[in-house]
Amino acid sequence: MEKSSDLVRRVLHSLHESSADSPGVTRDAYGAGETAAHAIVRAEAVSLGAEVSVDAAGNLFMTLPGTDRSLPGFMTGSHLDSVPHGGNFDGAAGVIAGLAAMVALRESCMIPPQDFTVVAFRAEEAAWFPISYPGSMAALGKLDPDLLNVPRSDTGRSLAAHMAEAGFDVDAVRHGVAHIRPDMVAAFVEVHIEQGPVLVGRNIPVGLVTTINGGFRHMNATVTGEWAHSGATPFSYRQDAALAFAELVVGLNQWWESQEVVGIPLTITFGKVWTDPNMHAGSRVAGEVQFSVDVRAGSSAVLAAAADQLSAAATSISSARGVKIAFGSRFEWSVEEMDSRLLDRMEQLAANICLPVLRMPSGAGHDAAAMAAAGIPAGMIFVRNTNGSHNPDEAMDAEDLDRAVALLALLASTPLAALLDRSR
Ligand SMILES: [Zn+2]
């Protein structure tokens, strides 16, 4: 029988082959790339003898039966889509870890006490549909029907259209038909590459996530001043949108630094900044600057303080410079705590196999947040990864994924309903 470590390398390789799009890989949500990845993973699950089902939104569920099928099951998994020209590991590593854990359980002749299900969620990368976790939200029957109209960033066609084209049941998704019933799931644990530099910096192979950060984002914010001649408009006559915007960025950055020095982690990012190319010129005072701002933190109080800071800065800069600052519509997502009993148990199991782990927050959002928000005890295992993610240079060492697989298999062997008080 193939070893779990061999499965990890072989399936990573075939996913790469199926979606190579130099540089990197492209697995477009509800498109050819994601669909090919689902077919590969599904075939692996079938050959492992898992029970396979697909829900109305195209999420794929692969189940190894446990000794007591009436117990709520243990679920793991992640997503199979990637950003355009992304790396091969973001998302896929977590689904492959689940399949490899099935093999690891067999290697040790272990039948898990409860069903063990690996899920491959759809459309997690907001690069395609700029909303939070439509795949897992649909699996939970909680996708807001209005979000089915959100266009895919490259095609401009709606989520509903792409879902239908890929062969799924949009009406069932619209009506909130759930495939995952929270009371049927004892716990959900997502394996995912770390998307930042912490584990590499600390030289620790595996992280255990404590909290998935929440945040808010304004995509269509503007500073409105007055277009004017650069040479003919003296200082006191200007309503310079570029200067006002610069002041806003510097002010928020100073506040962020003041939080950083007292140990309050958050991020503030002005990711998109532009002036209208039909209006701007090298010899013109900028009359309007458009920008985005994205704020994330592990505490809703910190997010509220950042929002206050933004609006206070906007008010004072507006009156000092004679401009108007409007943030426009706000998209937000909540902070989700991972289950502390699950964290403690994972830490214990890792110690049993001499696996060093680090407790850490997740700055990025994940399907595990949707599961936690639905009341399912959730956790995440981060895998050390060099060069960040959402780029073709992601570099996870497969041996680190093997370590996460070993931990996952031990967790799957644990009677979780009793541990987490999830008896039905
Ligand atoms: Zn991901």
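Reader: What is the bridge partner of Ile 212 in strand 16?
Author: In this predicted model, Ile 212 has Ser 362 as its bridge partner in strand 16.

Reader: What makes strand 6 and strand 16 a pair?
Author: Pairing calls for at least two bridges between two strands. Strand 6 and strand 16 (residues 357-362) are joined by five bridges and run parallel, so they count as a pair.

Reader: How do you know that strand 6 pairs with strand 15?
Author: Two bridges join strand 6 to strand 15 (residues 336-337), and these strands run antiparallel. The definition asks for at least two, so the pair qualifies. Here Ile 212 has Glu 336 as its bridge partner.

Reader: Which residue of strand 17 stands opposite Val 206?
Author: That is Val 383. Strand 6 (residues 206-212) and strand 17 pair in the antiparallel sense, over three bridges.

Reader: In which sense do strand 5 and strand 17 pair?
Author: Strand 5 (residues 185-193) pairs with strand 17 in the parallel sense, over six bridges. Within strand 17, Ile 381 is the bridge partner of Val 191.

Reader: Why is strand 17 called largely enclosed?
Author: Six of the six residues of strand 17 (residues 378-383) are buried, so the rest of the structure largely encloses it. To be called buried, a residue needs 20 or more other C-beta atoms within 10 Å of its own.

Reader: What covers the picture on each face of strand 17?
Author: Side chains in a regular strand alternate between the two faces of the sheet. On one side of strand 17, Ala 378, Met 380 and Phe 382 are buried, and on the other Gly 379, Ile 381 and Val 383 are buried too.

Definitions and conventions:
Residues are numbered from 1 along each chain as its sequence is written. This is a predicted model: local features need pLDDT of at least 70, side-chain atom pairs count only at pLDDT 80 or more; totals for chains, interfaces and linings use all residues. A residue is buried if 20 or more other C-beta atoms lie within 10 Å of its own, exposed if 12 or fewer, and partly exposed in between; C-beta atoms are placed from the backbone. Helices (H or I, at least four residues) and strands (E, at least two) are DSSP runs, numbered from the N terminus.
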